[in-house]
Amino acid sequence: MNQTEKHSTWLIVGLFMLGVCMRMPITAIPSIVKEIAANLHVPANSLGILTTIPLICFACLSTPVSTVARKMGNELTLFMGMIIMVVGSLLRIFNFTSLIWGTILVGVAITCINVLLPAVITEKYPSRIGSVTGMYNVSMSLFAAIGAYAITPITAASSWQMAIMVITIVALITLLIWLPNLRFNSKEAETTEGMAKPINMWTKLNAWWLLLFFGFQSLVFYAVVAWLPSIAMDAGLSHNNASLIAGLFQLFSIPFAFLTPLLASRMHNRLPLFLLAGLSPLIGSAMMLVHTSSLAYYIIVSLLLGVGCSTAFALSMTLFSLKTRTAADTRSISGMVQTVGYLIAATGPMIVGQLNAVTHAWDTGIIAIIISCVAVVLFGWLSDREEYI
């Protein structure tokens with residue numbers, strides 16, 4: 001592994017803030033879909049695309065982002081991504097058309113963060129991969145929880161446009177904090193001279209196992225994000241309690257978002273982590289097959305789902321760095337895995353929603369999530385049989 005590269009004293013704060021922007025602009029929106037739909041005079045179910053669009057961006061643009069960053073440098077590409085996020089987030093407040101285009105731009109920006117953060121950590125903090133990855137995972141989970149819960153009262157006190165403006169201001173602050181890191185931007189041509197040629201990840205079976213692990217854990221996460229509040233309300237919970245469950249799902253993930261990268265970087269046999277990543281949401285999903293309106297019961301459900309989904313995502317992001325020897329290879333595997341992985345993930349909310357539309361119940365969709373949890377364990381274990389890709 002490379003020795004630590006020079007970097008700005010603002011880098012660690014910048015990584016934390018990039019983590020803040022990784023999920024909050026997406027996961028906060030489902031809680032106010034009805035308000036947005038009423039204001040824009042469109043059917044609420046037509047806004048389900050607001051969750052799907054970023055996933056399509058992740059799938060289509062992860063490999064191109066990796067290519068652009070190889071030519072422009074990671075720090076500069078992330079800075080350009082944050083400019084795109086600020087513009088896109090601001091666009092979302094005007095009308096339905098600008099909402100769609102703004103969401104596309106936000107998806108482009110988050111793709112840059114998804115792909116390049118593991119590469120920056122590998123390059124700048126090769127001896128602290130676990131702790132730094134854990135740090136930005138915590139910021140991601142914490143502010144996803146805050147966003148999912150706080151956006152409803154902000155909207156009630158003002159408007160949905162003001163709630164999105166708060167998210168835009170957070171993105172602008174992140175952009176300014178990241179600015180000092182541009183001084184240390186370096187292109188691959190400047191840093192890899194004389195080094196081995198980057199590995200073609202598409203030809204490596206182990207990379208495909210990691211891709212399938214990432215894809216199915218993302219499918220479980222986004223299916224839960226999209227439908228957990230609806231499942232809870234159909235079980236008899238109030239709208240406020242369903243929003244609380246959605247916030248707790250994100251909040252419960254925080255300890256494992258931090259601990260998982262630390263443990264993964266120290267363990268030789270990571271099977272216990274893969275079991276936790278798959279079995280915890282499997283049990284939580286199975287509990288939703290029991291029809292009850294108990295808030296306490298759904299708090300336990302959100303705990304199990306949050307722990308498992310957080311462990312799975314943090315583990316996958318950490319493995320990008322642990323399974324590669326150079327920042328170029330980390331960026332390459334990150335781009336490859338997220339390109340196809342998010343295509344798999346995008347099917348989750350659609351499959352569960354369509355099964356509900358056909359059967360007029362959630363049970364079949366929940367069983368599909370349970371099957372995906374089994375795939376998480378299987379492909380995770382297969383991806384970890386060799387030390388490096």
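Predicted model: local features only at pLDDT ≥ 70, side-chain atom pairs only at ≥ 80, totals over all residues.

1. I started with α12 (residues 271-287) and α13 (residues 295-322), whose axes approach within 8 Å and cross at roughly 150°. Angles over 145 degrees count as roughly antiparallel, and the two helices are therefore roughly antiparallel to each other. Their crossing is left-handed.

2. Which residues of α12 and α13 meet? From α12 come Leu 273, Phe 274, Leu 276, Ala 277, Ser 280, Pro 281, Ile 283, Gly 284, Ser 285 and Met 287. On the α13 side they face a set including Tyr 297, Ile 300, Val 301, Leu 304, Leu 305 and Val 307, as well as Gly 308, Thr 311 and Leu 319. Sorted by class, this contact holds 16 nonpolar and five polar residues, with no charged ones.

3. Next, have a look at α1 (residues 11-27) against α5 (residues 96-124). Here the axes come within 10 Å, with a crossing angle of roughly 145°, and the crossing is left-handed. The α1 residues in the contact are Leu 11, Leu 15, Leu 18, Cys 21, Met 22, Pro 25 and Ile 26. Their partners in α5 are Val 106, Ile 110, Ile 113, Asn 114, Leu 117, Val 120, Ile 121 and Lys 124. The class count for the α1 and α5 contact is 13 nonpolar, one polar and one charged.

4. Val 68, Ala 69 and Met 72 of α3 touch Asn 74, Leu 76, Thr 77 and Met 80 of α4. Five of the residues in this contact are nonpolar, two are polar and none is charged.

5. Finally, where does α6 bend? The bend, of about 35°, falls at Ala 150, and Pro 153 follows within four residues. Helix α6 (residues 129-157) has 29 residues, and the distance from its first C-alpha to its last is 41 Å. That span is close to the 42 Å expected at 1.5 Å a residue.

Notes
Residues numbered from 1 in each chain as written. Heavy atoms only, no water. Axes fitted to C-alpha atoms, helices over the stretch in contact; angles between N-to-C directions. Left-handed = near helix turned anticlockwise from the far one by under 90°. Contact = heavy atoms within 4.5 Å. Nonpolar A, V, L, I, M, F, W, Y, C, P; charged D, E, K, R; others polar. Expected span 1.5 Å × (residues − 1). Bend = angle between axes of the 7 residues up to and from the residue. Parallel < 35°, antiparallel > 145°, perpendicular 65-115°, else oblique.
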